[in-house]
Amino acid sequence: MQRVRYLKSGWQLLKSSCEGAAKQANTQSSASRCYSHASSSFGLLFDIDGVLVRGKTPIPAAKQCFKNLVDRSGKYKVPVVFVTNAGNCMRQTKAEHLSHLLEVEVSPDQVMLSHSPLRMFTQFHKMRVLVSGQGPVEEVAHNLGFQDVVTIDVLREAYPVLDVVDHNRRPKDVVPPTKGLRPIDAVVLFGEPIRWETNLQLIVDVLLTGGNPGSTWSSAHYPHIPVLACNMDLLWMAEAWNPRFGHGMFLVCLESLYKKVTGYKLKYEALIGKPSVVTYNYAELLIRQQAERLGWNTPVKRVYAIGDNPMADIYGANLYNRYLQSSRHTKAQMQAQSAGGSIDPSAVDDTPKMTSAELGGASRVVERDLPEGCSSILVCTGVYSKDQQELLSDPTKTVTEQRIFHGHRDFRFDPSLTQPSFVVHDVKEAVELVFKQEGWPLQ
């Protein structure tokens, strides 16, 4: 089974799909909103949970922060994209929710959910896919381009003897006949489901039967059919005083169950959402498109990513920054070679090579103007709190010495990547810091 790889054609598809989504948004009433015109070269990426809201409650500093980001007529001063690992809704729904909470207009083309890059995965769009999560997962899948979608509920109704953990859901007296379905070709995990036991059982059934859950488990079905997972967050912050389990915890359960039953390691065709590089590549394209609508005629040089989770937001932003530096180095070497020069041994890129999981399937993109860097800003209103934990005093120490790694199993732990460029109290201070860094007035 080939791993997912994105070449130049994949990037062009990403660009065209984003442009198409932006054009669609522009036909809606929200698209009447335009931007203030000024000359600059930076953009802002905002996490949502723990940065702007706690559950359904806006963090007080968030409203004031966004008053500083729009002018008197409500037009944005700089490109703004909301990058969340949530994925159990449509972009339009999330945009409306944010507009209400922040009291500024947020359009769908400013919102990026964990599953948004799946638009690029066209090789799976015609396959029959089983989708797991909650909310309008079938509508979300179709919106992303998947044409033949099966939900967990449809699967359990077709095979009524599979879901038996809850005694109240077991067939009573006469067992209904099995309807049967055409084989499942791939599994797409959007987010944490409501009934974990049902989803875990049926997904394992599908993987161990080669997509035919009505048949017998067999170790012959390994490697298993492709699995694509969105949102690796182990924890997230809602109204509770302690973090809550996220989709990353569900993935840990699925991985453990699969290995316990089969002895094999569950493999992912792609891991999408923060902290994967492909997520930030996609977000940067949205920033670029907004800058063009602002009338900026210079490429965006700096991106600031504001988040509350050191293992997702900060790790991802720093990983993307490493990717940007390595890409610039590669591009410079290619230009030197094409000009007939030779590679300077002292200029060899010594940054660690990224794994397929870390890239999320994104190949190195060197033919366009990437930003010069991405700075990470950690706020203390969500998962991270100075009262509960301290950042590593020595990033060279190992995970066993100072910290338990909450990142995904397939991501290497590099303690230096959990170190934010800046630490501030809340999102208002974060924006003030960025404006000061860029020499921009707040008013």
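Is Arg128 buried or exposed? Arg128 counts as buried, at 12% relative accessibility. Buried here means under 20% relative accessible area, exposed means over 50%, and partly exposed lies in between, with a 1.4 Å probe and protein chains only.

Some ground rules. This is a predicted model, where local features need pLDDT of at least 70, side-chain atom pairs count only at pLDDT 80 or more, and totals for chains, interfaces and linings use all residues. Residues are numbered from 1 along each chain as its sequence is written, and side-chain values use heavy atoms, with hydrogens and water left out.

Salt bridges, then. The structure holds 17. The term means a side-chain nitrogen of Lys or Arg within 4 Å of a carboxyl oxygen of Asp or Glu.

Back to Arg128. Its salt-bridge partner is Asp148, with the closest N and O atoms 3.2 Å apart. Arg128 sits in strand β6 (residues 128–132) and Asp148 in strand β7 (residues 148–151), so the pair ties together parts that are 20 residues apart in sequence. Helices (H or I, at least four residues) and strands (E, at least two) are DSSP runs, numbered from the N terminus. Asp148 also counts as buried, at 18% relative accessibility.

Next pair. Arg322 and Asp414 meet through their side chains in a salt bridge, 2.8 Å from N to O. Arg322 is in helix α9 (residues 310–338), while Asp414 is in the loop between α11 (399–402) and β15 (422–423). They are 92 residues apart, so this pair links distant parts of the chain. Arg322 is buried, at 16% relative accessible area.

Two more items. Asp163 bridges to Arg169, the closest N and O atoms being 3.6 Å apart. Asp163 is buried, at 3%. Asp47, Lys274 and Asp313 form a network of salt bridges.

Now the nonpolar side. A nonpolar core is a set of buried Ala, Val, Leu, Ile, Met, Phe, Trp, Tyr and Cys residues joined through side-chain atoms within 4.5 Å. Which residues touch the most other members of the largest core? Phe46, Leu52, Phe66, Leu69 and Phe82 do, out of 95 residues. Helix α8 (residues 277–294) gives this core its largest share, eight residues.

Take Phe46. Not counting residues up to four places away in sequence, Phe46 touches several residues, including Leu52, Phe66, Ile306 and Val431. Contact means heavy atoms within 4.5 Å.
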